[in-house]
Amino acid sequence: MSWATLPREARDTLFLLAALAWTLLPQLAQVPPWCAALAYAALGWRAWLAWSGGTLPSRWLLVLALLGAAAGTLVSHQSLLGPSAGVTLLVVMTALKTLELRARRDATVVFYLGFFLVLVNFLHSQSLVTALAMGISVWLLVAALVLAHLDPGAGRAPLPHALVLAARLLLTGLPLVVALFLLFPRVTPLWAMPGAGTGKTGLSDRLSLGDVAELAQDDSLALRLQFDGPVPAPAQRYFRGPVLSEPEGNGWQRRSRVDSVADPASGTPQARTAPSLRYEMTVEPLGITTLPLLESARTSPTVPDAATSWQWTRHAEGYWFTQRPLSERMRVLTTAVLDTPEHTPAQAPGTDAAAPVPADDPRWAPYLVLPDGHHPRTQAWADRQRLAFDPAADSAQLAQWLLDYIRQQPYVYTLAPGLGGQDPVDDFWLDRRAGFCEHYASAVTVVLRRWGIPARIVTGYLGGEVNPLNNVLEVRQRDAHAWVEYWHAHRGWVRLDPTGAVAPERIRRGERAIVSSGPVGQLLVELDPALLEQARAVWGAAEHQWNQWVLGYSAHRQQDLLSRLGWEGLDGRDLGRVLAGGFAAAVGLGVLGVWWRSRARRPDPWLRGQERLRRILRQRGYDAPDHLAPAGLFDHLRQQTDTDLRDLGVVLDQLSQWRYAPAGRPDALRPLWRAAHRMAAQLPPRRPG
């Protein structure tokens, strides 16, 4: 059986199933695997039944499938309630409902389940990709709804016609949607779906070496920045995140017992002479409590569009944090002090001033601690090297010796260093000599502390790429980085990036390898890598506008828009009145349009004249059936009266000729009907009986 020979109902059913299959695609990564398999198996079964004309399954089989799905949901989510369990059940029930499509009522239920699935997809993601995909879903579902309401007796319904009509309907309602989006009071989301954690590049409050053999590259966006001035050079794009200064086995963790100061004064006198740059940053949901800011940020950031207030605290170790994870996209306004490593003014532990601190100061203790029983070979190596140094050498000289040592030895920067031995620091520093930024930062910190130099690991982001279309700096998760800070008696905390010694291009240019996503991206890389970069730039610019003007359209921006329109000080109730007035105006315009179209489609003047003739004859008591043409009406009148009707017959004959002639003169029609109406009105009244 071919598509052309399928019955009309089967073709419409297959199109509806295709629309549902497309709508369910984003849920594949959100629901349990058994749920996705069951849903697409049900859709495939229903498609085969529509194609082959088979019989729908019994209701008992569907009930058993539904009970099995409920049991699977209970096992997967430990509950039948809640957002995740509800989405799983919705996906299954939508697919199973297609197996009982027997009447229009069932189809209507499936249509609205499909529209509800469109909304559910936005609970997981509000990205531009999701919006475009769900826009296509709405278009397809509306087209399927149009097909379902076409006359079944009309034969094969043209699918292109249904798609065009659905597009026209959606475009007609688009102005109303835009008005509601702009004017409807902005409210805080009641709930959102929990995000799933993944082991990829990114930031964390802990660093553990030896657990990952190969570091996955996560190309998802982390930050977008728009600067009031020029974009800083790559070497100045250090975004400070969690500082890890407390050893934990083979790794490091953030110190929890450090006094914090909220909204401190702006640095030291030397810091105030450094150039500062104000910028706006869009932060993706990072899932951590630390806000990565361009070094150095000494004034509290502001979040003008947030639905809830954010209280930022500056940690004594120089980063900004809050009490709850960054679980929503936000727009941040802040200022950076562009300190270079050569003149970085930094703070002593627990203070805000970069002043010499005695070596025996107890505040140094946390930055000199090494884990007991770990890294013995590296510590022994550090002891041997220290004996060869001048006892008067300061921390800067020792740090420079370490950088030179890394450059001279066969160290390699790689994202796939292997699992390593029992002690990953010893294995990296003395044996493998291959690792990524966390390996270098950990080993250098251990060596510096062994030499009695206070040191700590700083994590964050480095580099990013500037989109040439809108000059926005895009920082991705794969730009996550780790470096070292050591204490210098007269310069304070000094940034030391050992990765730059083995991979200087990572620091100077901030370059990243081109990552292709999927077969399309791989094809573009093979054809022309620059083409992929251009496509990524265009998409990044479009996504940034989507985030700024759609997802970032907050109550604050709504008030700004209303102020520019001259409506200042409007609250939710006032906006409700504006919407009600706009809705009433839209309804009025719609009614006016219908009335105007009805006037434009006035009845045929020939038919209007014939209807008036029948009405006059009926008023005179004559029978004038609607189905009779002028000639037939004349014969019917002669049977009802003895009056001479020859003149009326001549006029009616001329009207018939005018109606059915190839091209009748419009100016001759009105006199003919006037004559016929006058003659009919002069007929003697006919008495009943």
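The exercises below, each with a worked solution, concern a predicted model of a protein.

**Exercise 1. The whole chain**

Find how many helices and strands the protein has, and what share of its residues count as buried.

Solution. Begin with the secondary structure, which comes to 22 helices and 18 strands. Next take burial: 44% of the 689 residues count as buried. Finally, look at contacts with a separation of 6 or more; residues 24 or more positions apart account for 71% of these.

**Exercise 2. Helix α12**

Compare the reach of helix α12 with its expected span, and decide whether α12 is mostly covered or mostly open.

Solution. Step one is the length: α12 covers residues 437-450, which is 14 residues. Step two is the reach. From the first C-alpha to the last, α12 spans 20 Å, close to the 20 Å expected at 1.5 Å a residue. Step three is burial, which here needs a relative accessible area under 20%. Twelve of the 14 residues in α12 are buried, so the helix is mostly covered. Among the buried residues are Cys437, His439, Tyr440, Thr445 and Arg449. Step four looks past the end of the helix: just after α12, glycine 452 has a positive phi of about 85 degrees.

**Exercise 3. Salt bridges around glutamate 485**

Identify which arginines form salt bridges with glutamate 485, and state which parts of the chain are linked.

Solution. Start with arginine 240, whose salt bridge to glutamate 485 has its closest N and O atoms 2.6 Å apart. Arginine 240 lies in strand β3 (residues 238-248) and glutamate 485 in strand β17 (residues 480-488), so this pair links distant parts of the chain, 245 residues apart. Both arginine 240 and glutamate 485 are buried.

Continue with arginine 456. Its salt bridge to glutamate 485 has closest N and O atoms 2.9 Å apart. Because arginine 456 is in strand β14 (residues 455-462) and glutamate 485 is in β17, this pair ties together parts that are 29 residues apart in sequence. The relative accessible area is 6% for glutamate 485, which is buried, and 2% for arginine 456, also buried.

Now widen the view. Arg240, Arg456 and Glu485 belong to a network of salt bridges that also includes Glu295 and Arg495. The model has a count of 20 salt bridges. Another of the pairs is lysine 97 with aspartate 106, at 3.5 Å from N to O; both of these residues are buried.

**Exercise 4. Helices α19 and α20**

Work out how α19 and α20 are oriented, and which residues meet between them.

Solution. First take the axes of α19 (residues 605-619) and α20 (residues 630-638): they come within 12 Å and cross at roughly 10 degrees. Angles under 35 degrees count as roughly parallel, which makes α19 roughly parallel to α20. Then list the contact: from α19, Trp606, Gln610, Leu613 and Leu617 meet Pro630, Leu633 and Leu637 of α20. Sorted by class, this contact has six nonpolar residues, one polar and no charged.

**Exercise 5. Two tryptophans**

Locate tryptophan 658 and find how far apart tryptophan 658 and tryptophan 606 are in sequence and in space.

Solution. Tryptophan 658 is in helix α21 (residues 646-660). Its relative accessible area is 19%, and the residue is therefore buried. In sequence, tryptophan 658 and tryptophan 606 are 52 residues apart; in space the C-alpha to C-alpha distance is 9.3 Å. Tryptophan 606 is one of the α19 residues that meet α20.

How values were computed
Residues numbered from 1 in each chain as written. Predicted model: local features only at pLDDT ≥ 70, side-chain atom pairs only at ≥ 80, totals over all residues. Heavy atoms only, no water. Axes fitted to C-alpha atoms, helices over the stretch in contact; angles between N-to-C directions. Helix = DSSP H or I, 4+ residues; strand = E, 2+ residues; numbered from the N terminus. Parallel < 35°, antiparallel > 145°, perpendicular 65-115°, else oblique. Contact = heavy atoms within 4.5 Å. Nonpolar A, V, L, I, M, F, W, Y, C, P; charged D, E, K, R; others polar. Salt bridge = Lys/Arg side-chain N within 4 Å of Asp/Glu carboxyl O. Buried < 20%, exposed > 50% of the residue type's maximum accessible area, 1.4 Å probe, protein only. Expected span 1.5 Å × (residues − 1).
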